[in-house]
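My notebook is open, and I went through this structure part by part. Here is what I looked up, in the order I looked.

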Amino acid sequence: MKLATKDLLRLATIGSVDDGKSTLIGRLLVDTRQLFDDQLDAVAAASEKRGIGDLDLSFVTDGLRAEREQGITIDVAYRYATTPTRKFIIADCPGHVRYTRNMATGASTADLALVVIDVASGLKEQTRRHLCIAALLGVRSIIVAVNKMDMVAWSDLAFQAVVDEIETLSRELGFSSTLAIPVSALLGDNVATDSPNTPWYDGPSVLEALEASEAGSWETAQGARLPIQWVLRQPGGGRTYAGMVSGEAFHVGDMVTLLPQNIETTIRAINFGGEPRLEATVGLAADFDLDDETDAGRGDLIATHPLPLVTKEFEATICWFGEKPFSANGQRLRLKHTTKSTPVRVQAIKGVINIESLSIDEATSLATNEIGLTTLLTSDALVVDDYREDRVTGSFVLIDEVTNATVAAGMIGHASFL
Amino acid sequence: MTTTLPAPHATDHLDVLESHALFILREVVAECERPVLLFSGGKDSAVLLHLAAKAFAPQQLPFPVLHIDTGQNFSEVLAFRDRAVEAAGARLIVASVQDSIDQGKVVDPGPLGSRNRLQTVTLLDAITDNTFDAAFGGARRDEDKARAKERILSFRDAFGQWDPRQQRPELWQLYQGKVNPGEHVRAFPLSDWTELDVWQYIGREKMDLPSIYFAHERDVVQRDGMWLAVGEFVEPGANEEVFTKTVRFRTVGDANCTGAVLSGAATIEAIIDEVAVANVSERGATRGDDKFSETAMEDRKREGYF
């Protein structure tokens, strides 16, 4: 029975439309035999039907009718791959500017971004936008597939020109590691196997780079956090508080503070699925029994020192996806942060990010797919950390009160490059 | 071979998937007014029910369980349904496709015709009649290319329709289940699980399952490239030869559109070994309902299918 312990690496493909993201993922899955025979047959049949050759590899992930008709990715496709020691969750994201919200969806849970750039066209504005969003979302490291190398006769000069551009941007955005690989997604060079066409390149293939990259969270967490999701009634009249741990682990006997009430107490017991545990590690959906009687409920937070901030007014970085502009007197919005929802008002817009220069330009509103800095005021107090310290207590979404649509991704504070 | 026990607090991919699913179950129950869990009696819905019991232990499930009964089920699956629902202490609601036929809402395809697509009408009616605003399903993204595109919380309009071009952004783990009256969300806590993950988890948790998942002898006919079990819903045609084979089922659907696979895997361990080296997908191997067209699943999902 195969029950080997595997770790989990979440990656997202990013880059501009038509640079070959879906084709690269298709190639990677086909060459590592992650596809079943019938799935491969279906891709071949669909390619033939549209008169586009034997096997359009982008059809491995572009599964919607409209995507295949238009030849572009509209929404994120999730694909899975396993090696003996690792499970990969691959989010193949759309490149088109119109679907930036879907790219952000795919990248928000990623540990690593696989950036695809057409060697002939270099860094486009949309690639810069994606890299900027990935950096804001906290993606730590990037692997850059410089694609379509077959179209430039495998020129190391052409490759180097793109590498120079990307390294400059990567440094500005603060990625901890950047690895560039010359590939042809169409032909498979340096994707799952080393290419004979790039004797001047002695680095890893995309597959080798993915296997070697670091999995897991990137936050510089200080303190353990449990946003309370649900109160469980225990036999005999007690209550436990259920939620998912972020930041650091909790242990039985830990001194904790319930926020925003600011009540100090101790963890008497930790359960998971009705069974006792001594420790609740990051990511565990646990429930806690506390020593003191409290009135804790959904939306409150259990924390260890250093404590998060309790506030109604804060600075945040916003990726705006709404169709109407984001402004101080715009639509009525609700904010969802951890397990708490509250009405929210825009106090001020400090500016919009200029994707080319990465500077902040003055602005009074944000258009669809623009990223800006703002000050928000909430009706109820929130318990927050800076996004760079805790991805869970540092993130929120904005919701249109009328349609219930999610219209923005928000991060408490701002990235160091801004 | 020696097996090393994992360190007491080591977390592997199954732990991550399990906690994520528990988190989703609790979030939806907290955000929505009237959730329901869709239960087919298959392995995925069995895992879902098991996870739901864990998420709310020691309390009872804070929502009922809904079975859409096509009237063409394997008897072993119905027996398992009743067993599992009782073990979980859940309240079972059965909505029947036969009722939808009797009410004239769908056309009876005849005693041997497939009722697979008719289920959508019965499902949407049950959601409307009970004013459910959230329905948990055991669908996984690795099953089909349209499912690979779907959000974990997937919005349905007042007609029960899915619009793959207008999905809500789903950032981080901030699941957003608010809907206006008449609309609902489908919630898929097993989105990131693969078939292999499901079997490994069933093995680890020593879960009960319908017996047809394990190798057994059965009379089968070969039809449309699949082995169909001869019985109440599948009668051998004049030119069809009946074979007695050792088979098992990789998925559980209606008896007349779910194929068996030739397999001697009689234990969970043997099934895990079989799934790990399979070269045909589970739906490709066993589901007639996906073979109608290139986008069969997308088309059914748009209409409101599971």
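Domain bounds here come from an automatic or database domain assignment. The model is predicted, so I kept in mind that local features need pLDDT of at least 70 and side-chain atom pairs count only at pLDDT 80 or more, while totals for chains, interfaces and linings use all residues. Residues are numbered from 1 along each chain as its sequence is written, with chains lettered from A and ligands numbered from 1 in the order in which they are written.

**Domains**

I began with chain A, where the assignment gives domain 1 (7-212), domain 2 (225-303) and domain 3 (309-412). The C-alpha centres of domain 1 of chain A and domain 2 of chain A are 41 Å apart.

In chain B I found domain 1 (13-197 + 295-303) and domain 2 (209-290). Their C-alpha centres are separated by 24 Å. The contact between them takes 22 residues from domain 1 of chain B and 20 residues from domain 2 of chain B; two residues are in contact if their C-beta atoms, placed from the backbone, lie within 7 Å.

Which elements give two or more residues to the domain 1 side of this contact in chain B? They are α2 (43-56), α3 (75-87), α6 (195-205) and α9 (296-303) of chain B, where helices (H or I, at least four residues) and strands (E, at least two) are DSSP runs numbered from the N terminus. α3(B) gives the most, with 3 residues.

**Sheet in chain A**

Next I traced an open sheet of 6 strands with mixed pairing, in the order β2-β3-β1-β4-β5-β6 (chain A); two strands pair if DSSP finds at least two bridges between them. Its edge strands are β2 (77-83) and β6 (177-182) of chain A, each pairing on one side only. Strand β1 (residues 7-14) of chain A runs parallel to strand β3 (residues 86-92) of chain A, and 7 bridges join the two. Among those positions I noted A:Arg10, whose bridge partner in β3(A) is A:Ile89.

α4(A) lies across β1, β3 and β4 of chain A and runs at about 160 degrees to β1(A). For such angles, axes are lines fitted to C-alpha atoms, for helices over the stretch in contact, and angles run from 0 to 180 degrees between N-to-C directions.

**A helix pair**

I stayed with helix α4 (residues 100-107) of chain A, which packs on helix α5 (residues 125-137) of chain A at about 40 degrees, with the axes 10 Å apart. That makes α4(A) oblique to α5(A) (under 35 degrees counts as roughly parallel, over 145 as roughly antiparallel, 65 to 115 as roughly perpendicular and the rest as oblique). From α4(A), A:Thr100, A:Met103, A:Ala104 and A:Ala107 meet A:Arg129, A:His130, A:Ile133, A:Ala134 and A:Leu137 in α5(A).

**Sheet in chain B**

Chain B also has an open sheet of 6 strands with mixed pairing, ordered β3-β2-β1-β4-β6-β5. I read β3 (92-96) and β5 (153-156) of chain B as its edge strands. β5(B) pairs with strand β6 (residues 184-187) of chain B in the antiparallel sense over 4 bridges. There B:Arg156 stands opposite B:His184 in β6(B).

**Between the chains**

Last, I looked at where the chains meet: 53 residues from chain B and 58 residues from chain A take part in the contact. On the chain B side, α1(B) supplies the largest share, 9 residues.
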